[in-house]
Number of protein chains: 2
Amino acid sequence: MQIAIVLFDQFTALDAVGPYQTLGPLPGAETVFVAAEEGPVKDDTGNLALVATRTFADVTRPDIVVVPGGPDVPVDNPVLRDWLRAVDTTTTWTTSVCTGSVLLAAAGLLEGRSATTHWLWMDKIEQYGVRPTGERVVFDGKYVTAAGVSSGIDMGLTLAGKIAGDDHAQVVQLMTEYDPQPPYDAGSPEKAPAHLVEMMRGL
Amino acid sequence: MQIAIVLFDQFTALDAVGPYQTLGPLPGAETVFVAAEEGPVKDDTGNLALVATRTFADVTRPDIVVVPGGPDVPVDNPVLRDWLRAVDTTTTWTTSVCTGSVLLAAAGLLEGRSATTHWLWMDKIEQYGVRPTGERVVFDGKYVTAAGVSSGIDMGLTLAGKIAGDDHAQVVQLMTEYDPQPPYDAGSPEKAPAHLVEMMRGL
């Protein structure tokens, strides 16, 4: 089983690393980081680079594709778009975190489907004919989309459970000690203080 | 303000990226990834490398140090140990995630203090004169230690709130949509199925 995690300039690091840490331990899985070229790919702050170990040309039949998001995803990049369309024809699961779903939607892969994205980008996926939902992890056939950034951890665990069973997923949860205790309850626009939500909508 | 995130061979990726994503947005902060040499540093699976942007020699007065863990942390590495001791004399906060606290403890920085680590390594930090606690994020003076892997997200948010205030930390939580909804409740040895806990203790 090959898991291909896509990297592109200005991706958000946790979008990629959350699913990596939770899906990577799947039995018999090989995880590759794929980009236009091999080598370091900088994230959305420019301070962190993850290393792509494969080019798009190298990876033609991944079983699982994970597309992270970022504040400015490359919707008009034809190489990425064509690769997503091509590999999607044979994937078992095509997944995204955050605005990664904007890339899947722009490639035409989510048309007429239910999906999610970062809460600030819900209108954007709707423009591509997607039905946005407020759920944190959305399954529609083989398409699995997660909400903003940290939701990729929940997506990865949920998908790991579907693929390898509850015991496996719970071992991963226990190994990563994923017993979240956020110091605030501001993780969604419904829960966060209204003045902060408005401030972010205005950015 | 300089945040220095330490990298070493076989670190656990999410240990580093969780605090990076939550502490990085601190106002006026510069985040650097520091290792023995600049360039890619492989994680504990060997499939992912993060790029070190500074050497230990380059980073002499970081304000915040973040030490990730891994399944086999380099407690006997004199370069890392001496660097941790040297920079700790001027840090505002010295922090760790997972078995990163084993490295701090081995450097003698946690002696007589309360701290935490991954649940499987509690005995290990005790051997260095540390008082292990069962809390997910432990503050003892300027030393902030987090439990296993994913707890670095909670540590980063908590520390961000202390440094820059509740509004700032809540904006970071909202931006990263950290509204965790794990599909299982197996994130600690107290909550996970007993047979899985025993299996992991036996590994």
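The model is predicted: local features need pLDDT of at least 70, side-chain atom pairs count only at pLDDT 80 or more, and totals for chains, interfaces and linings use all residues. Residues are numbered from 1 along each chain as its sequence is written, while chains are lettered from A and ligands numbered from 1 in the order in which they are written. Chain A has seven helices and eleven strands; helices (H or I, at least four residues) and strands (E, at least two) are DSSP runs, numbered from the N terminus.

**Overall form of chain A**

- Chain A has a radius of gyration of 16 Å, close to the 17 Å that the globule rule gives for 203 residues, so it is as compact as a globular protein of that length. The radius is taken over C-alpha atoms, and the rule is 2.2 Å times the number of residues to the power 0.38.
- The C-alpha trace of chain A spans about 45 × 40 × 35 Å along its principal axes.
- Of the 203 residues in chain A, 55% are buried. A residue is buried if 20 or more other C-beta atoms lie within 10 Å of its own, exposed if 12 or fewer, and partly exposed in between, with C-beta atoms placed from the backbone.
- Among contacts in chain A between residues at least 6 apart in sequence, 61% join residues at least 24 apart. Two residues are in contact if their C-beta atoms, placed from the backbone, lie within 7 Å.

**Contact between the chains**

- Chain A contributes 54 residues to the contact and chain B contributes 55 residues.
- On the side of chain A that touches chain B, at least two residues each come from helix 1, strand 2 (30–35), strand 4 (49–52), helix 5, helix 6 and helix 7 (194–201).
- Helix 6 of chain A gives the most to this side, with eight residues.
- By class, the side of chain A that touches chain B has 30 nonpolar, 17 polar and seven charged residues. Ala, Val, Leu, Ile, Met, Phe, Trp, Tyr, Cys and Pro count as nonpolar, Asp, Glu, Lys and Arg as charged, and the others, Gly among them, as polar.

**Helices 5 and 6 of chain A**

- Helix 5 (residues 151–164) and helix 6 (residues 166–175) of chain A pack at an angle of about 145°, with their axes 7 Å apart. Axes are lines fitted to C-alpha atoms, for helices over the stretch in contact, and angles run from 0 to 180 degrees between N-to-C directions.
- Leu157(A), Ala160(A), Gly161(A) and Ala164(A) of helix 5 meet Asp166(A), His168(A), Ala169(A), Val172(A) and Gln173(A) of helix 6 in this contact. Its residues divide into five nonpolar, three polar and one charged.
- Seven of the ten residues of helix 6 of chain A are buried, so it is largely enclosed by the rest of the structure.
- The buried residues of helix 6 of chain A pack against helix 1 (13–23) and helix 5 of chain A, together with helix 7 (194–201) of chain B.

**Helix 5 of chain B**

- Helix 5 (residues 151–164) of chain B has 14 residues and reaches 20 Å from its first C-alpha to its last, close to the 20 Å expected at 1.5 Å a residue. The expected span is 1.5 Å times one less than the number of residues.
- Ten of the 14 residues of helix 5 of chain B are buried, so it is largely enclosed by the rest of the structure.
- These buried residues pack against helix 1 (13–23), strand 7 (93–97), strand 10 (137–140), strand 11 (143–146) and helix 6 (166–175) of chain B.
- Gly165(B) follows helix 5 of chain B and has a positive phi, near 100°.

**Buried loop residues**

- Phe11(A) is placed in the loop between strand 1 (2–6) and helix 1 of chain A, and is buried, with 30 other C-beta atoms within 10 Å.
- The C-alpha atoms of Phe11(A) and Gly69(A), 58 residues apart along the chain, are separated by 5.6 Å.
- Val149(A), in the loop between strand 11 (143–146) and helix 5 of chain A, has a positive phi of about 25° although it is not a glycine. Val149(A) counts as buried, with 25 C-beta neighbours inside 10 Å.
- Cys98(B), in the loop between strand 7 and helix 3 (100–106) of chain B, has a positive phi of about 60° although it is not a glycine. Cys98(B) is buried, with 34 other C-beta atoms within 10 Å.
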